[in-house]
Amino acid sequence: MHLARFPRRRYTPHPTPIEHLKHLSRELGGPEIWIKRDDLLGLAAGGNKTRKLEFLVADALAKSADTLVTVGAVQSNHCRLTLAAAVKEGLKCRLVLEQRVPGSYDPKASGNNFLFDLLGVDGITVVEGGSDLAAAMNAVADDVRAAGGTPYVIPGGGSNALGALGYVACAEEILAQTFDMGLALDQVVCASGSAGTHAGLLTGLVGASSGLPLTGINVRRTREEQEPNVHKLATETAALLGISAPAREDVVALGDWVGGGYSIPTPEMIEAVRMLASLEGVLLDPVYTGKAMAGLIGLIRRGHFKNGERVLFLHTGGAPALYAYQPVLQGA
Ligand SMILES: *Cc1c(COP(=O)(O)O)cnc(C)c1O
C-alpha cells in the first residue's frame, strides 16, 4: 500500500512491541496468545487514536487549521489524545462530550475527564446521548470561525477513511514485525467501536493479501449493526488508497461481550482486566480492551481456536479510564 502519498505527523518513533503472554496462555490452555502493545503509542498515555491522529492532524495542518474540534463519550480516550496532539502542535482544541449513559458527565470525575483539564482543553460542550453530534460539532466550529479561528472537525474516534489509514499502517507494521520475529500468526483479535481500527486493520491485512483472519469484538453495537459499519468504512478506506475493498464476509464483529451497553461493566470485563494485570502486568481498560479481551477469553473457552494456533490481541490502550472505575474493579 502506497501510504507515503498521504501527509503524516509522527507521534511514535518506533513500532510498538509484540509480546508473548505466556502466563495467560498457560492459564487458559488454548492457543498461544500474543499482544500488540498499541497502549504504548505516543501522545499522553497512548492508545489507538494516536495512529489515526498522525494522518488527521497532518491534514488539519495542511489546511491551516488552528483549532481541532472533536467528539467522544464522557471518558473518551479519543478526546484525550486529540487534545494532546493539539497541545503538541500548538493548536487549540474544543471537545463535544456525549452522555451515552444518561447523567454520566461529572466535571469532577477522574480518568480521562481529569486529563482534559490537565492538558488545558479550550472548551467542553456536553450533549445528551443520541444527539446529532455532527451538528453539535458544526455549532462549535461556527463559534471558532466567529472568533476568527480556523476549525478542523474530526469525527468520533477519528474514524473516517483518512484516520483509518493509521491502522492500514499498523497492519503493515504487524506483518513486517512478525516476519522479522519468525512469528507465524493464525488470527488477530481487536476491539470494534467507532470502527476505524477494525476497518483500517482489515483493509491493510486484506490489501497485503496476508490471509490473516481478523475478529472484532464489539463494545457498543450488535453484530448486525456493526458489521455493515465496518464494511462501509473499509470500503471507503480502500477507495482512498486505490485498492480493492475487503469482501463483506471478511468482516466479523461479534456482539456477545457488549453486556448492558457501551461503557457498562460486565463480570467478564472485570475478570479480563484483573487477569491481565495479575498474570501479565498489563493494564487493560474497562470500556474497550477489557471487553475485547473478555471476548478473546470467551472464544478460547468455546474452543474457537485450534491448539497450537497463534493469536494476536491488539491492545488499543485506554488505561487512564481505570481510575474512573476503581469502585467496580478494586478487590473484585
Ligand atoms: C476508541 C478505542 C477503541 C475502539 O477503536 P475504534 O477505532 O473506535 O473502533 C478501542 N480501545 C480503546 C482504548 C479506544 O479508546
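Predicted model: local features only at pLDDT ≥ 70, side-chain atom pairs only at ≥ 80, totals over all residues.
A residue counts as buried when its relative accessible area is under 20%.

**Cysteines**

By that cut-off Cys190 is buried, because its relative accessibility is 0%. Cys170 is likewise buried, with a relative accessible area of 0%. The structure contains 0 disulfides. A disulfide requires two cysteine sulfur atoms within 2.5 Å. For Cys170 the closest cysteine sulfur belongs to Cys190 and lies 9.4 Å away, so the separation is too far for a bond. Seen from Cys190, the closest cysteine sulfur is that of Cys170, again at 9.4 Å and therefore too far for a bond.

| Cysteine | Relative accessible area | Closest cysteine sulfur | Sulfur distance |
|---|---|---|---|
| Cys170 | 0% | Cys190 | 9.4 Å |
| Cys190 | 0% | Cys170 | 9.4 Å |

**Helices α2 and α3**

Helix α2 spans residues 49–62 and helix α3 spans residues 77–89. Their axes come within 10 Å and cross at roughly 45 degrees. The two helices are therefore oblique to each other. The crossing of α2 and α3 is right-handed.

Which residues of α2 and α3 meet? On the α2 side they are Lys49, Thr50, Leu53, Val57 and Leu61. Their counterparts in α3 are His78, Leu81, Thr82, Ala85 and Glu89. Sorted by class, this contact between α2 and α3 comprises 5 nonpolar, 3 polar and 2 charged residues.

Notes
Residues numbered from 1 in each chain as written. Heavy atoms only, no water. Axes fitted to C-alpha atoms, helices over the stretch in contact; angles between N-to-C directions. Helix = DSSP H or I, 4+ residues; strand = E, 2+ residues; numbered from the N terminus. Parallel < 35°, antiparallel > 145°, perpendicular 65-115°, else oblique. Left-handed = near helix turned anticlockwise from the far one by under 90°. Contact = heavy atoms within 4.5 Å. Nonpolar A, V, L, I, M, F, W, Y, C, P; charged D, E, K, R; others polar. Buried < 20%, exposed > 50% of the residue type's maximum accessible area, 1.4 Å probe, protein only.
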